[in-house]
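This report describes selected features of one protein model. Please consult the sequence and the structure shown below while reading.

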Amino acid sequence: MSGIIEFANTYLGKFMDIIIPSVLMLLVLTIISVIVGVKFSKALEGGIRLAISITAIGAVMNILTSSFSEALQAFVGRTGIELSITDVGWAPLATITWGSPYTLYFLLVMIIVNIVMLLLNKTNTLDVDIFDIWHLAITGLFAMYMGANLLVTTLLVIFIGVLKIINSDLMKPTFNDLLDAPDENPMTTTHMNYMMNPIVMLFNKIIDKIFPFLDKYDFDAAKLNSKIGFWGSKSAIGIYLGLFIGLLAGMPLMDTFTLAFTAATCLELFSVIGQWFIESVEPLSQGIADFANKKLGGRTLNIGLDWPFIAGRSEMWAAANILAPIMLLIAIILPGNKVLPLGGIIAMGLTPALLVVTRGRIIRMILIGIFMLPIFLWSGTLIAPYATEAAKSVNAFPAGLSESALITHSTLEGPVEKFVAYFVGLGNAQGGKQILIALVVIAVYLALFLWYRKEMIKRNEEYKAGKEDVIE
């Protein structure tokens, strides 16, 4: 494996030096799509959409970081609060990760793993969410950054990837329940944000034992969102953040308003451009689904999509709106945190997991979310040196920041897996005691997932029994 990567780096080095990431990904996505049977015109369309998305997110990222860099420096100087790591959101991190030649390697590995699991009847889910392989890839890349070799990294990626696929099967009945959909509904997801489910489940069980009365005070999230309206939107949150930083940084009033409106614009554009990324890989996702179905003899499968098919549930957005200002306060007082939440202030790396585990009980979602947010902030701080170095290596470092600045994503999906990758990388690089620590971390991580799996199986049996009662 290392020989293949070394060969590619040696003989494609000059090519990689002159090509820009957007053009490279246009070529890669188009070629792979054609290989799995997508019509050339559709494959090329997906490639062009991806190139546009990468270009757009780079432009917005530069606007955001250049606008905030001077204000943040003044903020730190006046307040002494050293939240010096710039939160650029998920899309820039995706661009950086897709700029690595290892990401396509991890994609190929996981396609093979998924097919093997299907053939062995270890899953009923065909993962077509190709774009979001970057969440798993960045975990592997961080392990390599910390010292893991390619073999150990590959095993780590497979280990976490297999658990993600198993989780997609475990969640399927809950998705049917939340969507009021029949068993024939094929939609599920292998998205990394649902790998927070085991920890959320642990907190949920604690509430069951100690504070079960909280459910009596639950409320209608749709009505809350309707009442909040614009004032809980991404635009409004961007304005709040811009005003907060501008005023504490001592900026002139008109400059503060400019900063606020710039933040609002960028947060809205992050979401819009993020949808472009998803649309760009749809031809490839469909091509892989068609290819696998032909090879599996028309077997009925669940389809692993991106998480937003469940985004219509109002509880998720109500929780996100409430948790956003709370996260800002936590970031200011949390020991060990260096990230000012900005690009990730709408915590989509967390709220989908809260929705699935609590089944939409909004008070539980908010309470558990408060305890979960520090994990994301610490993880964002942990990976910042890697994210910064990776951005510079693919010429994607924001032009408005100083060379010594660090970038990250405050609510990047899979924060627990980043800590696992950290210890695995150290164990592989340093040996001795670090190997023992890595093994303990993996054991605890796996044990928690297996406990969560047991609890989800119980829940799924309850769903099944309830439907049988209705039939009778």
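Which residues form a nonpolar patch on the surface, and what is their accessible area together? The sections below begin with the basis of the values and then answer this question.

## Basis of the values

This is a predicted model, in which local features need pLDDT of at least 70 and side-chain atom pairs count only at pLDDT 80 or more, while totals for chains, interfaces and linings use all residues. Numbering starts from 1 along each chain as its sequence is written, and side-chain values use heavy atoms, with hydrogens and water left out.

## Nonpolar surface patch

The patch is formed by Ile48, Ile52, Leu269, Val272 and Trp276, which together have about 400 Å² of accessible area. Patches are made of residues with over 30% relative accessible area and no salt bridge; like charges are joined within 9 Å, and nonpolar side chains (Val, Leu, Ile, Met, Phe, Trp, Tyr) within 5 Å. A salt bridge is a side-chain nitrogen of Lys or Arg within 4 Å of a carboxyl oxygen of Asp or Glu. Areas come from the Shrake-Rupley method with a 1.4 Å probe, and for residues only the protein chains shown count as cover.

Helix 4 (40–79) and helix 12 (253–280) each supply at least two residues of the patch; the largest share, three residues, comes from helix 12. Helices (H or I, at least four residues) and strands (E, at least two) are DSSP runs, numbered from the N terminus. Ile48 lies in helix 4 and, at 36% relative accessibility, counts as partly exposed, a class between buried (under 20%) and exposed (over 50%), with a 1.4 Å probe and protein chains only.

## Sheet 2-4-3

Three strands form an open, parallel sheet in the order 2-4-3. Strand 2 and strand 3 are the edge strands, each pairing on one side only; pairing requires at least two DSSP bridges between two strands. Helix 8 (residues 150–179) packs on the sheet and touches strand 2, strand 3 and strand 4, contact meaning heavy atoms within 4.5 Å.

Three bridges join strand 2 (residues 125–127) to strand 4 (residues 302–305), with Asp127 partnered by Gly304. Three bridges also join strand 3 (residues 187–189) to strand 4, where Met187 stands opposite Ile303.

## Sheet 5-1-6

A further open sheet has three strands in the order 5-1-6, with parallel pairing. Strand 5 (339–340) and strand 6 (407–408) stand at the edges, each with a single partner strand, so one side of each has no neighbour in the sheet. Strand 1 (residues 85–87) is joined to strand 6 by two bridges, and Asp87 stands opposite Thr408.

Conventions
Axes fitted to C-alpha atoms, helices over the stretch in contact; angles between N-to-C directions.
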